[in-house]
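Here are my notes on this one, for when you have the model open.

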Amino acid sequence: MSDDLAQKTEELSLESKTVFDTKEEFTAKHPLNNRWTLWYTKPQTNKSENWHDLLKPVITFSSVEEFWGIYNSIPPANQLPLKSDYHLFKEGIRPEWEDDQNAKGGKWQFSFTRKHEVTPIINELWLRGLLAVIGETIEDDENEVNGIVLNIRKQAFRVGIWTKDCDDSKLKTVGERLKKILQLKDEQKVEFWSHDASNTKGAEAQIIL
Ligand code: MGP
């Protein structure tokens with residue numbers, strides 16, 4: 001290291017302050033643009049339990065620090081039981097087709113079959129999805145994304161981004177970003193389904209990327 005650089009590095013380390021330096025800073029919270037609610041769908045244990053009995057809100061948060069506190073204290077994706085789901089939605093939007101904010105929308109989705117090499121890194125990919133949604137890097141300024149869902153199924157892990165509309169022009173960016181976040185290869189296609197179509201037998205995906 002040159003003397004000049006060594007001097008500069010020393011000055012930097014003496015002068016720079018971090019959140020650990022003062023009591024006030026230590027408790028600083030970095031607000032997110034939106035408040036988010038984590039929901040959990042527990043697996044059905046008897047046939048009398050319907051969708052609404054199984055889906056419950058877990059916690060709402062609004063800062064980066066709260067997010068990490070929650071993330072570090074809930075089971076990671078690969079330890080969830082079969083037929084369970086995590087849902088992370090903007091506060092006030094229920095993770096259901098019926099919610100007014102979802103009713104005209106749909107979802108971008110990709111299924112990682114358990115044969116994919118992804119099984120060991122599903123936790124990392126799910127975390128990347130969560131961060132892109134709360135950090136709002138999944139879209140530009142469209143405000144199209146309502147939430148993200150993880151379905152744990154026998155054959156596959158499924159990740160879906162739920163959107164407010166079905167407007168192709170606004171949705172493409174979200175689909176392209178989802179491919180990057182999930183580290184998909186070109187030939188691994190993400191599909192967009194309107195909620196209407198996902199509930200109609202024989203319907204096909206509206207957009208494939
Ligand atoms: P799913 O979990 O989205 O599909 O919905 P999956 O994993 O393919 O399940 P499969 O068992 O159908 O193969 C499973 C079921 O949960 C649906 O058939 C509905 O009965 C119920 N369900 C799921 N969602 C997302 C909703 C919803 O938004 N509203 C209501 N009312 N029921 C839902």
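1. Terms first: two strands pair if DSSP finds at least two bridges between them. Helices (H or I, at least four residues) and strands (E, at least two) are DSSP runs, numbered from the N terminus.

2. Keep in mind that this is a predicted model: local features need pLDDT of at least 70, side-chain atom pairs count only at pLDDT 80 or more, and totals for chains, interfaces and linings use all residues. Numbering runs from 1 along each chain as its sequence is written.

3. On to the strands. β3 (residues 85–90) and β5 run antiparallel and are joined by five bridges; His-87 has Val-149 of β5 as its bridge partner. β5 and β6 (residues 156–163) also run antiparallel, with seven bridges between them, and Ile-152 is partnered by Phe-157 in β6. A three-residue hairpin connects β5 to β6.

4. Strand β5 (residues 145–152) has seven of its eight residues buried (20 or more other C-beta atoms within 10 Å of the residue's own, C-beta atoms being placed from the backbone), so the strand is largely enclosed by the rest of the structure.

5. Helix α6 (residues 122–134) has 13 residues and spans 18 Å from first to last C-alpha, close to the 18 Å expected at 1.5 Å a residue (1.5 Å times one less than the number of residues). Its buried residues include Ile-122, Trp-126 and Val-133. Just after α6, Glu-136 has a positive phi of about 60°.

6. Around the ligand sit Trp-51, Glu-96, Trp-97, Glu-98, Asn-151 and Arg-153 (C-beta atom, placed from the backbone, within 6 Å).

Terms used. Buried ≥ 20, exposed ≤ 12 C-beta atoms within 10 Å, placed from the backbone.
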